[in-house]
Each structure stands twice: as structure tokens, then as C-alpha cells.
Amino acid sequence: MDLRCEVAVLGMGAMGAATLYQLAKSGVKVIGVDRHHPPHDQGSSHGDTRITRLSVGEGAQYLPIVRNAHRIWRELEALSGESLFEQCGVLVMTSSPTYDVDDESDFTHSTLHLANTYDIEHEVLSAQQIRQRFPQFSPVLDTAVGYFEPGGGYVRPERCIAVQLKLAEQLGATLLKGETVMQITSDEQGVTVITDQRTILADKVVISAGMWSKGLLGEPFDQLLRVCRQKLFWFELEENARFAAVSPTFICSHGPGDEDSVYGFPPLPGEGSLKVATEQYSEETSPDTLDRTVSDAEAREMFDTHVRGKIAGVSSRVAKSAVCAYTVTPDSHFIIDEHPSLKNTLVVSACSGHGFKHSAALGEALAQWCLRGSSDLDLSAFSLKRFEGVIE
């Protein structure tokens, strides 16, 4: 059975769910398609918690986006009655034996610089102040420096997706779950999407397919996108664990390399565990070959390298673990642009592992693009044009 719509959104994870909601809110006849049943744990938008902060160390181009996202999370909470954004603060710190106070490339320094430049409320903490405020970080070195942003915290990805999809459906959106896109073609009249169950005829299409984008989008995305496996760990707390009454999400650099960094979240009420994770971009995978299990050896390595002697009150016992996939561009920044060969088609991928905090605002911007061909947010920094020298 053929379906017709004004806009089809392919992929209903972070970006897709937000776009569907914003389009439906604007009265657009919209269809969403996902090969799984979102919110799910088969892509990138899962794992209970995602960091959000206004001083986004990845670059100033993200600040207007995340400001809008924080506003929209609160609007969605008011509409749904669900708790989506926990404003517990974010602590970005460097506690490294090789710490150089003059190293401008240090992530804590770049975060602090952005906060000063864009007038974001924050505090600079010494090692002593970090230990006093947050006992779980008592092992930090005496040379440690911290950036604390009270306006940051974490969002709940599964809840955010579920709320936006539910609201979108209430507003008239059609959600096709468990349905796989097989082919996309376009002409001046619109876009034809063929799934394993039907044909969808749309005036415009937004593709937010995460790690499936590389296979779906063709050139030049097949040259630009890499899928990297990431591991998430929840370590049980010790019985005598001491945490601040309100503990922050955190990012800690403990060495000179990109791999010498760990991020994590406060223990969630009633769970008795601490979620921590790292990022890796050296090993590439694919949706078909992604290893979704975490080995005991990987858990031991994570604890010994990134937790032991760095975070107090945490045991090596694993409460649970998970795998997710980051789809990464050559410069680790987003791609948000019109498809170079498919007409009336907007691509939002890949978000290189730091997209969720921005997703609510990007959904609003993508809906505006569908409605009028432009958005209130300046998204020009994420254009494909920057890769002209990279693409063969």
C-alpha cells in the first residue's frame, strides 16, 4: 500500500524523533520510518543518560543549538509530565601528571575559554575545592583544575525519544516501526522511499539513520562516515561510598592523549551503580558486524585504566554494560546538509557521538527547513562543502 506525505523522516532516534515531533507540531503531514522499535538499544540513542552542557568544548558553533535544546527539553517536560533534563551540573576537569597550565588544547581549558567568551555561568575549582565539593573525586591530583557549570547535567535519551514520538503521534504523525528502507529516489516532484513493506511518496525527506546512513546515502557519505563501537559500563558502588548530595555529570582528562579521558554520571536513585564510559575512534565496525557484547576483559581494562585511583567509592563489580555506535565524520563535527544528488532530501548525520544534547533543537531547525527552506539556527558550519578536499 502506497502512502503519501509532505515529509518522511527516515530513522527515529535522537534526531528523527525530534524532527517528527516538530513537524507534527507545525501541522505537517509526516511519516516516520525505523527498522527497529524506538526507543531501542540497537543504535546510538540509548544508555539511560547523556551529558548536556552549554559550554560545549567541541566548538562555539554548538552553543546556540544546545541553548535551544535546553529550552525545548523543559517544554517537553511540561507537556508530558516526564522528567527529561536533570540539571545537576557538569564538572569538566583535568587531573593529569603531565598537566600543563599553559596548554590551550586541554579540554578543560577550551571549555573554560568558551564559557568566558559567551558569558556562561560557571566556577573554576582547584583540586582542594573539587575534593571538598565532590568526595567521589578525592583521588584527584594536587595539580587538578576543574570547570563546574551549574546549568548543565544530563538528559534521559530513551525517555526523550519516547515522549517526542508519542506527542508526534498524538499530533497526527504516522510511525512505521520495524520497517526497513531499501531504496530512495527523487525527482522534481518529490522523493520515493521504498521499504520492505511499502512505497512512500513524500514532498521532502529527512534522513537521520545514524550508523545505517553510510549504506543508505551513497556517495560521498560512503567515503566520509565511519562507525565506531563504544562501550558503556555501570560499576556497583562500595557500601561506604561517599558522594555529594547533588553530584554532577563529569568529564575527566587524566593523561595527555585523547584516550586518557573518562566521562560519567551521578548514581541514579535506587540503582547503586555509577555509569562511566570512554570514546574510541581507532577501530571501525558496521551495523552488520557490530559486537554488541562487552567482555569481562573489557570491563577489567575499563576499571583499571579509568576508574581505579581516579573515582572513589566505586567497585570493580559490573552491574550492567552496553554497546552503542558512534557514526563519525573526518573532523568529528556534524553533517547537516542537502543531499548532493537526491533532490528535496536533507541529511542529518553523522553526529560523531556528541549529538544527543543538541537533538531537540536540531529537530526544530530541520522542521523549519522542511517548511521554508531555511532555519533560525545557523547550520552552515555543518555543510558538506568543508570536505571538498577530502572526497576523492
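Modeller: Domain bounds come from an automatic or database domain assignment. Here the protein is divided into domain 1 (3-49 + 157-225 + 331-387) and domain 2 (90-150 + 226-328). This is a predicted model, in which local features need pLDDT of at least 70, side-chain atom pairs count only at pLDDT 80 or more, and totals for chains, interfaces and linings use all residues. Residues are numbered from 1 along each chain as its sequence is written, and side-chain values use heavy atoms, with hydrogens and water left out.

Biologist: How many residues of domain 1 and domain 2 are in contact?

Modeller: With contact meaning heavy atoms within 4.5 Å, 19 residues of domain 1 touch 20 residues of domain 2. The C-alpha centres of the two domains lie 30 Å apart.

Biologist: What area is buried between domain 1 and domain 2?

Modeller: The size of an interface is often given as the accessible area lost when the parts come together. Buried area is the accessible area (1.4 Å probe) that two parts lose on being put together, summed over both. Between domain 1 and domain 2 this is about 1,600 Å², with carbon and sulfur atoms giving 52%. Asp48, Thr49 and Met211 supply 35% of the area that domain 1 buries against domain 2, more than any other three residues.

Biologist: How many salt bridges does the rule find across the interface of domain 1 and domain 2?

Modeller: The rule (a side-chain nitrogen of Lys or Arg within 4 Å of a carboxyl oxygen of Asp or Glu) finds two across this interface.
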